[in-house]
Amino acid sequence: MSESTNPNLPSYRCPAYQKMSPKWEFCHDMFEGRGTWLEPSVAGFRVADPVKAMRYLPQESKEPDEEYLKRLGRSYFDRRFRTAIESFAGFLGSFSLVDVHPSIVAALQDIDLAGNSLEVFLHAADEKALIYEHCFILVEFPRRPVNEEADAIANNALAEKQMNLRPYLVLVDCRDVINWKLAPDNKTLVQVTIREMATVEDGRYGSKDVERYRVLRPGEFEIWEEREDEELFLVEQGEISLPQIPLVPYTVVPRDTNPFGGEPPLYDLAEMNLQHYQKCSDKDEIMRKCNLPVFVVNEATRSSPGLAKKDDSYRNISLGPNSCLWNVSASFVEPSGSALSATQSDIQSLEQAMDRRSLHFLSGNDFQRTATEIATFSAPVQANLGGMARAKQSAVQRCFEFWVAWMNAPGTGGGISVDDKILQSAIESAQTGQLFILREKGDLSRRSLLELLKRGKILPRDWDVDAEIAALAQEQADRNQQAVDMARQQASIQAGGGMG
């Protein structure tokens, strides 16, 4: 029994993981592009993963290996799946803090002890959750130094502050959570194993990466390492102060059960991206062959005049500006390329389907829709994004709860509120015109007009309405003062002329 299928070892891959792993890997490949199976080399390109290369762009029957490699190198992969993921993640990127614990506020610019701010960290989490359906956030606490001084002050909060010991967040890919156990409520974790890579010394000057397995249980942890002999070795174990496993399933897809998620939400778009890659490769190959006509010579037999020598062998046929063929029928055969138009049309239809699926029109591309289509399609989109925002808020709140639990601080830690205005579509020009008409009639105040324009995305999201109103009031006051000063000056001039 291999280690990955042995349930008595921490390297065990549970059935649910084995079932979803191929889909996660496929979505990862479509997100990263052909770099996962093809990489540049001195000679052009080298196949980094032959299995994936054959799966995503199969070698044709009787196609020479050298020609197949050239075709792989010529085939461009348009990462439309990645563009869609990044667009969706951008919709959820704007948020504000709500009653957040001061220790979290102090760590906002380095939330993971790796220099990443909370915004950058959550944006990366959003992308992973959109690719695979979910990821995980481990709320970790640094290990205290193992020495007598540290042991003496281990429970001293001031000493922990002096040692800069505080919680931090770790982003965990769902492909690295290889087995888990849930309580009877099917929600609470009672055991989980996280696969991770660690860099260790190798010789006097070198280093190497080793695979480790972090096993977490309520109140305790174990770290196992896979050695070169493929045996697992217990590197470290110990206790933690939390009665729960501080691992939060992070998703932007609303769901009530199964904290380890389900199907990737844009899996069909990933399949479309693969189909697009294959169709574009076929089109490029057709165009290439159409641009390479084949020279054909007919009647080149022993009886052809001028071709046979006295020794019954063939003469060489020379082609060029100073030579010719005689008594021989020769021509160039050039494919008509009639299939190119149909292939290009098929690709365009596929791209339009991908645009509709990935909602590129919300990010301002040139894919045209009627106003009715946009209004009809945007309503469910906004509702879906609203659900995604609530799921994100719930996961972050759970992370902050673990954070304050590590700090042994009172309160819940607070949370975030995703900016709901970014989930709304911009108002149309006709609606804007109606607002200005209401303002001119006096039926709408200046403040209300500015607020509605900001909410309708006519004004920038960070536009300060109060500051703008104050600036307008100051300008009006300055104009009034200038008018008063001018009137006084005019009156003074008139008064002086009368006295003269």
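1. Basis. The model is predicted, so local features need pLDDT of at least 70 and side-chain atom pairs count only at pLDDT 80 or more, while totals for chains, interfaces and linings use all residues. Residues are numbered from 1 along each chain as its sequence is written, and side-chain values use heavy atoms, with hydrogens and water left out.

2. Sheet. Five strands form an open sheet in the order β6-β7-β8-β9-β10, with antiparallel pairing. The edges are held by β6 (177–182) and β10 (232–239); each has a single partner strand, so one side of each is left without a neighbour in the sheet. From one strand to the next the twist averages 25° (axes are lines fitted to C-alpha atoms, and angles run from 0 to 180 degrees between N-to-C directions). Strands are DSSP runs of E with at least two residues, and helices are runs of H or I with at least four, numbered from the N terminus; two strands pair if DSSP finds at least two bridges between them.

3. Strand β6 pairs with β7 (residues 189–202) in the antiparallel sense over five bridges. Asn179 has Thr193 in β7 as its bridge partner.

4. Aromatic pairs. The count is 10 aromatic pairs, where rings of Phe, Tyr and Trp (its six-membered ring) pair if their centres lie within 6.5 Å; planes under 30 degrees apart count as stacked, over 60 as edge-to-face and the rest as tilted. Phe136 and Phe260 have ring centres 5.2 Å apart and planes at 50°, so this pair is tilted. The two residues are 124 residues apart, with Phe136 in strand β4 (residues 135–140) and Phe260 in the loop between β11 (247–250) and α9 (267–290). Phe136 is buried at 1% relative accessible area, and Phe260 is buried at 5% (buried means under 20% relative accessible area, exposed over 50%, partly exposed in between, with a 1.4 Å probe and protein chains only).

5. Cluster and charges. One aromatic cluster comprises Phe26, Trp37, Tyr56, Phe77, Tyr267 and Tyr277. The charged end of Lys23 sits over the ring of Tyr267, 5.5 Å from its centre, and that of Arg55 over the ring of Tyr56, 5.7 Å from its centre. The criterion is NZ of Lys or CZ of Arg within 6 Å of the ring centre and within 35 degrees of the ring normal.

6. Val404. This residue of helix α11 (residues 371–407) is buried, at 3% relative accessibility. Val404 and Ile104 are 300 residues apart in sequence, with their C-alpha atoms 8.6 Å apart. Leaving aside residues up to four places away in sequence, Val404 touches His101, Ala409, Gly411, Thr412 and Gly413 (contact means heavy atoms within 4.5 Å).
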